[in-house]
Amino acid sequence: FLRLALVFVVLSATFSQSFAAEKFSFAVFGDNRDGDSVFQRLIEQMNADPEIEFAVNCGDLTPRGIANEFEKYMKMTSRANVTILPVIGNHDIIKSRTNYEKYLGPRYRSFDYGNSHFVLLDNVSQRGLGHVQWEWLEKDLRDHGKEHAFVLLHKPLVDPSDRFSHYVMRPKTEVEKLLKLFQETRVKYVIFGHIHGYGRVERENLVFLLAGGAGSPLYLPPFAGGFFHYVKITVEGETIRDQVVPITLN
């Protein structure tokens, strides 16, 4: 367990630096809890794509947030060929509000990669982001200086499915402040889970991407995004492309 924790710390630390990649791809997904067989298959498929350079898991990594669940999660993700950076989800703090940081590090963070800036937020530990995180976020986004910015969090700011409005982050006034900040700071994508399925919608030059199909029981019917998946995002200069990749199960 200690070796896994140290490896994660070393790997995640590299993402605080700026990389010179002219073109790169990364994967996003979320909500793997209670779906180990699907999640293992997702990792296998992701490993088969040599273009993917890192991944972000948008939360609900564990069923209840207890210690052995985090250890199991770390064991599963150790089989990935790339670093998988975590976002905290509501299930990850059901039984404990300290295990996430003990096993996986800070509840929010940012890093640069190529021409892009990435922000991983905690919007589940309290109502909204809280004063300290909000101040950090505003400074981080206004100072990043990159061509693109991606924000990843667990609870959605909008519901692409139009079926789970009660799953959207609250309070609404803070969501509106966040969207205004994103418009002002070159944020191109807002990526989240919490709703178990896939969805995508564009509003006012922002792409809202739901990637909640990493193994948890699906909420949506298949025709509306109810399938297991990850999303591959490729950045090449000023161009960003996203491609949903269904998980093929035996």
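Predicted model: local features only at pLDDT ≥ 70, side-chain atom pairs only at ≥ 80, totals over all residues.
I found an open sheet of 6 strands, in the order 4-5-6-7-9-8, with mixed pairing. I then checked the edges. Strand 4 (109–113) and strand 8 (198–203) each have a single partner strand, so one side of each is left without a neighbour in the sheet. From one strand to the next I noted a twist that averages 15 degrees.

I followed strand 4 to its partner. Strand 4 and strand 5 (residues 116–120) pair in the antiparallel sense, over 5 bridges. Which residue stands opposite arginine 109? I found leucine 120, in strand 5.

**Helices across the sheet**

I asked which strands helix 5 (residues 131–143) lies across. They are strand 4, strand 5, strand 6 (148–152) and strand 7 (187–192). Helix 5 runs at about 175 degrees to strand 5.

**Helix 5**

I checked the span. Helix 5 has 13 residues and reaches 18 Å from first C-alpha to last, close to the 18 Å expected at 1.5 Å a residue.

Next I listed its buried residues: Gln133, Trp134, Leu137, Asp140 and Leu141. They cover an arc of only 135 degrees around the axis, so they sit on the same side of helix 5. I looked for what they pack against, and found strand 4, strand 5, strand 6, helix 6 and strand 7. The face turned away from this buried side carries the exposed residues His131, Val132 and Lys139.

I also looked just past the end of helix 5. Glycine 145 takes a positive phi there, of about 75 degrees.

**Helix 6**

Helix 6 also got a span check. It has 13 residues and reaches 19 Å from first C-alpha to last, close to the 18 Å expected at 1.5 Å a residue.

I recorded Glu174, Val175, Leu178, Leu181 and Phe182 as its buried residues. Viewed down the axis, they fall within an arc of 125 degrees, so they line one face of helix 6. Their cover includes helix 5, strand 6, strand 7 and strand 9. On the other side I found Lys172, Thr173 and Lys180 exposed.

Just after helix 6, arginine 186 takes a positive phi of about 65 degrees.

**Cores**

I turned to the nonpolar cores. In soluble globular proteins, nonpolar side chains tend to be buried together. The largest core here has 28 residues. Which of them touch the most other members? I noted Phe29, Phe39, Met46, Tyr73, Ile84, Leu104 and Tyr230.

I traced this core to its elements. Those giving two or more residues are strand 1 (23–29), helix 2 (36–47), strand 2 (52–57), helix 3 (67–77) and helix 4 (99–104). Helix 2 gives the most, with 5 residues.

I picked methionine 46 for its contacts, leaving aside neighbours within four places in sequence. Methionine 46 is in contact with Ala27, Phe29, Ile52, Ala55, Ala80, Val82, Ile84 and Tyr230.

I then found a second, separate core, of 27 residues. Its members include Leu121, Ala149, Leu157 and Val175.

Terms used: Residues numbered from 1 in each chain as written. Heavy atoms only, no water. Pairing = 2+ DSSP bridges. Helix = DSSP H or I, 4+ residues; strand = E, 2+ residues; numbered from the N terminus. Axes fitted to C-alpha atoms, helices over the stretch in contact; angles between N-to-C directions. Contact = heavy atoms within 4.5 Å. Core = buried A, V, L, I, M, F, W, Y, C linked by side-chain atoms within 4.5 Å. Buried < 20%, exposed > 50% of the residue type's maximum accessible area, 1.4 Å probe, protein only. Expected span 1.5 Å × (residues − 1). Arc of directions from axis to C-beta.
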